[in-house]
Structure formats: structure tokens, C-alpha cells
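Biologist: Could we go through this structure together, one part at a time? I would like to begin with the strands and then move on to the ligand.

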Amino acid sequence: MAARGGSFQAEVLSRTGLSPHLLRLELGGPSLSGFVSTGIVDEWVGLVVPGQYANRFYTVRAWDGAVLTLDVVLHEHGLVTEWAAGDCVGDTVTITAPKGSFSLPSEARWVYLVGDLTALPALARAAEELPPGLPVRIWAEAPAPLGGYFPAGLEERGDLVWAGPGGDGTSRLAALVEGLPWPDDPGYFWMAGESSQMRAIRSFLLRERRLPHSAYDVMGYWRAQTAGSRRAAESVTRS
Ligand SMILES: Cc1cc2nc3c(=O)[nH]c(=O)nc-3n(C[C@H](O)[C@H](O)[C@H](O)COP(=O)(O)OP(=O)(O)OC[C@H]3O[C@@H](n4cnc5c(N)ncnc54)[C@H](O)[C@@H]3O)c2cc1C
């Protein structure tokens, strides 16, 4: 049964661990027959898990007309993380209509893609679906490389580089991007990950690289908890 407002009910068909931190969920069911992909490589949906009203966003890793694949990062705590860490196969979830942001300018001669674990689904889908012949280079930040996650040949050609986060687990993508070699001809830069890193990169692209807005898309996918927000949450829990 289709839900209200362009959203869909879906059943969790399978749950497969891709790494200790990344889980693949396959969703299906009759309501998804109305799901239409935007075709945009970074398209995402809102996911509402059982017993919740708030949604969280997840990239459509794949949609084959019947099965919708989402790859979910398991982090310390969170609505979806805690639900997905349990036995969720057979559960019914709500999916919102997909939206996308990736917008390749017609004059782009190359594409740079950068992201942390939450961005891997979009990075991999872009690597699969961007026009053949367009040079694509990827920098992926993950606790350890995920063999087989990206199309074969990318890593061997030097077009996929795995980077580890900092020793304390925090993202170092901003520093990584500031050290990249930048081609002279026009291209397109897409990046997603922890919000404070993304803010730093937007400012770098604007002030240092002086890229036009149409030449990049930098998306904050999640917000790290600061010491201040942790203390506030703890005092609410204690009171
Ligand atoms: C357009 C878009 C596409 C996205 N695609 C994906 C995707 O394909 N796969 C994916 O896993 N995520 C994706 N994300 C990120 C995901 O929506 C967030 O990480 C979300 O907060 C996770 O929800 P949760 O219920 O597990 O945790 P929440 O309840 O939202 O957060 C609980 C706590 O966990 C912390 N937290 C949230 N996310 C992370 C994280 N990744 N690592 C460490 N700490 C975290 C927060 O600081 C918060 O304090 C996407 C986000 C956007 C905006």
C-alpha cells in the first residue's frame, strides 16, 4: 500500500554486513512498484523506521525496478543505527520520494568525488553511472578499504584512493581536499560527509580555488556531536 505524500511502505527483504561499519539493506514490496528513480547519481530517500516519525536520509545505492538497496553506516548510536543493528528483516519502513543534487556541467572534462563512509553509496553509484570516457577520480575515507565496493579497475588505475580517518576517528577530508592536485581545465567536484569538514571545504573552494558555484557540490551528510552538545544531551538525560 502506498503511503501518503509521495512516500512508500517497504519491507526489509535482506540485511547483509559489508564491513563492521556498513550494512546493506534490500527493500521491496508492492508499494515500491510506484517508486521512480530520478536517475541522479547521488539521489537519496528519507527513511522512517518502525516506531519512529522522524526520518533520516539514505542514498539510493541501487534500484532495479523491484528492489531498493540502501547502504547504512553503523555508528555509535542513533535511531536508524540502533534499528539496523538488530534483526530488522521483515520490518516495514517508510521511504520518501527520491531527490538528487549532483549536477554535472556540460563543459566538465573531469570529475573529482570525495566522501566518508556515509558517502560511499553515492561515490560508487557515480563511478558506475557517469558517462564512460569522463575521467573520474575518487577519494574515499573509511576505517579500512572495502574491497569490491567500487567498479573493478578504478583502484588499480590509481583513480580510487582510500584514506583513513584521524587516529581519534574524526574525519580529515578537509585537509585531504586542500592537498589535491587540481587540473586546469573545467571539471566538477562533488563531496559529502561530516558537516564541519564540508563547511571548511566550501570556504576553500570559494576563496582559494575560486571555483564557480556550478563547478562543485559539497553536502553535509551528518553532524558530529561536539563536547558541548554531548554535555547538553547528558544533562537532559540525567534531569
Ligand atoms: C543526502 C544524504 C544522503 C545520505 N546518505 C547516507 C547513506 O547512504 N548511508 C549512510 O549511512 N548515511 C547517509 N547519510 C547520513 C545519515 O543520514 C546520517 O548519518 C544520520 O544522522 C544517521 O541517522 P541515525 O538515526 O543513525 O543517527 P542520528 O539519530 O541522526 O544521530 C545520533 C548521533 O549520531 C551521530 N552521527 C550521525 N551520523 C553519524 C555517522 N555517520 N558517524 C558518526 N556519528 C554519526 C550524530 O552526531 C548524533 O549525535 C546521508 C545524509 C544525507 C543528508
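Biologist: How many bridges join strand E5 to E6?
Modeller: This is a predicted model. In it, 2 bridges join strand E5, residues 62-63, to E6, and the two strands run antiparallel.

Biologist: Which residue stands opposite Leu-68 of E6?
Modeller: That is Trp-63.

Biologist: And what lies between E5 and E6 in the hairpin?
Modeller: The hairpin has 4 residues between the strands. In this hairpin, Gly-65 takes a positive phi near 95°.

Biologist: Which residues of E6 point one way, and which the other?
Modeller: Leu-68, Leu-70 and Val-72 point one way, while Thr-69, Asp-71 and Val-73 point the other way. All of these residues are buried.

Biologist: What does that say about the strand as a whole?
Modeller: Since 6 of the 6 residues of E6 are buried, the strand is largely enclosed by the rest of the structure.

Biologist: In which sense do strand E2 and E6 pair, parallel or antiparallel?
Modeller: Strand E2, residues 22-28, pairs with E6 in the antiparallel sense over 6 bridges. Within this pairing, Val-73 in E6 is the bridge partner of Leu-22.

Biologist: Now the ligand. How many residues surround it, and which are the closest?
Modeller: The ligand is surrounded by 22 residues. The closest are Thr-59, Val-73, His-75, Gly-78 and Trp-222. Val-73 is also one of the buried residues of E6.

Biologist: Which elements supply at least two residues of that shell?
Modeller: There are strand E4 (56-59), strand E6 (68-73), helix H1 (79-85) and strand E12 (216-222). The largest share, 4 residues, comes from E4.

Biologist: What is the shell like by class?
Modeller: The shell has 12 nonpolar, 7 polar and 3 charged residues.

Biologist: Where does the ligand shell lie relative to the domains?
Modeller: Domain 1 (8-95) and domain 2 (111-222) both contribute residues to the shell, so it lies between them.

Biologist: How far apart are the C-alpha centres of domain 1 and domain 2?
Modeller: The centres lie 23 Å apart. As for contacts, 10 residues of domain 1 are in contact with 12 residues of domain 2. Strand E1 (8-19) and E6 each supply at least two residues of the side of domain 1 that touches domain 2. The residues of that side divide into 4 nonpolar, 3 polar and 3 charged.

Biologist: Let us change topic. What is the order of the strands in the open sheet of 5 strands?
Modeller: The order is E10-E9-E8-E11-E12, with parallel pairing. The edge strands are E10 (160-163) and E12, each of which pairs on one side only. Neighbouring strands of this sheet are turned by 10° against each other on average, direction ignored.

Biologist: Over how many bridges do E8 and E11 pair?
Modeller: Strand E8, residues 111-115, and strand E11, residues 188-194, pair in the parallel sense over 5 bridges. Val-114 stands opposite Met-191 in E11.

Biologist: Why is Met-219 called partly exposed?
Modeller: Met-219 has 19 other C-beta atoms within 10 Å.

Definitions and conventions
Residues numbered from 1 in each chain as written. Predicted model: local features only at pLDDT ≥ 70, side-chain atom pairs only at ≥ 80, totals over all residues. Near = placed C-beta within 6 Å. Nonpolar A, V, L, I, M, F, W, Y, C, P; charged D, E, K, R; others polar. Domains from an automatic or database assignment. Pairing = 2+ DSSP bridges. Axes fitted to C-alpha atoms, helices over the stretch in contact; angles between N-to-C directions. Contact = placed C-beta atoms within 7 Å. Buried ≥ 20, exposed ≤ 12 C-beta atoms within 10 Å, placed from the backbone.
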